[in-house]
Amino acid sequence: MGKTSIAKVIYNKFSHEFEYMSFLENVREVGNTMGLHHLQNQLLCDLLQVERNQNVSNVGQGANMIKNILRFKRVFIVLDDIDDSDQLEYLLRNRDWLGRGSRVIITTRNKHLLHEMDDIYEVEELNFEQAHELFSLFAFRQNLPKQDFIHLSDRVVYYCHGLPLALKVLVNLLVILQNGADCGIRVMCVVHLE
């Protein structure tokens with residue numbers, strides 16, 4: 001199970017215990033494509049439990065709005081796939097913004113961003129056998145690959161380095177391609193594993 005999946009399980013299990021909550025998924029991607037102000041707006045909408053845009057025009061204004069809403073409130077926030085200190089700075093500047101009993105989960109590939117955290121849990125990569133079984137469950141709905149796909153399965157698992165999300169993404173790609181014509185040729189071209 002990967003970082004995001006673990007965070008989702010924890011969020012789904014405990015978020016109902018908090019008055020204010022938010023799960024900001026794919027912060028890196030959304031921040032790069034739509035900007036930090038979009039993420040701030042989403043966080044504000046989640047916390048206020050409204051669907052209308054909060055009209056965040058710049059990140060400084062958004063940070064102040066978040067600070068004012070979070071102040072002294074018990075919140076549960078997940079910031080998924082943080083890859084830049086600016087994202088932390090403008091979404092959750094410091095813990096003084098949070099009320100007692102608040103919880104924040106941050107998923108990242110960059111451990112150096114987590115220098116002020118209470119606890120750090122590192123998700124280990126799957127070993128080859130675990131990754132192979134997970135790939136087979138995703139792709140074939142069984143623990144082992146079908147006989148005709150053993151070589152391809154081995155190559156996909158090796159290529160993904162035991163990362164569950166990478167395995168799932170490639171399986172989804174393969175399933176989509178399988179539904180089209182010439183799937184064998186397309187799969188080998190798209191996967192192009194070394």
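Me: Let's start with a single residue. Where is the place of S22?
Reply: S22 lies in strand β1; helices (H or I, at least four residues) and strands (E, at least two) are DSSP runs, numbered from the N terminus. Note that this is a predicted model, where local features need pLDDT of at least 70 and side-chain atom pairs count only at pLDDT 80 or more, while totals for chains, interfaces and linings use all residues. Residues are numbered from 1 along each chain as its sequence is written, and side-chain values use heavy atoms, with hydrogens and water left out.

Me: Is S22 buried or exposed?
Reply: Buried means under 20% relative accessible area, exposed over 50%, and partly exposed in between (1.4 Å probe, protein chains only). S22 has a relative accessible area of 1%, so S22 is buried.

Me: And what does S22 touch?
Reply: Setting aside residues up to four places away in sequence, S22 touches Y11, L43, D46, L47, F76, I77 and V78. Contact here means heavy atoms within 4.5 Å.

Me: Stepping back, how many helices and strands does the chain have?
Reply: The secondary structure comes to 9 helices and 3 strands, in the order α-β-α-α-α-β-α-β-α-α-α-α along the sequence. The chain has 194 residues, and 37% of them count as buried. Among contacts with a separation of 6 or more, 59% join residues 24 or more positions apart.

Me: Which residues of α3 are buried?
Reply: They are L36, L39, Q40, N41, L43, L44, C45 and L47. These buried residues pack against β1 (20-24), α2 (27-34), α4 (59-70), β2 (75-82) and α5 (85-91).

Me: What describes two packed helices?
Reply: The angle between their axes and the distance between the axes. Axes are lines fitted to C-alpha atoms, for helices over the stretch in contact, and angles run from 0 to 180 degrees between N-to-C directions. Take α2 and α3: their axes come within 6 Å and cross at roughly 125°. α2 and α3 are therefore oblique to each other; under 35 degrees is roughly parallel, over 145 roughly antiparallel, 65 to 115 roughly perpendicular and the rest oblique. On the α2 side the contact uses V27, V30, G31 and M34, and on the α3 side L36, H37, H38 and L39.

Me: What about α6 and α7? At what angle do they pack?
Reply: Helix α6 (residues 128-140) and helix α7 (residues 150-160) pack at about 120°, with their axes 9 Å apart. That makes α6 oblique to α7. In their contact, F128, A131, H132, F135 and F140 of α6 meet I150, S153, D154, V156, V157 and Y158 of α7.
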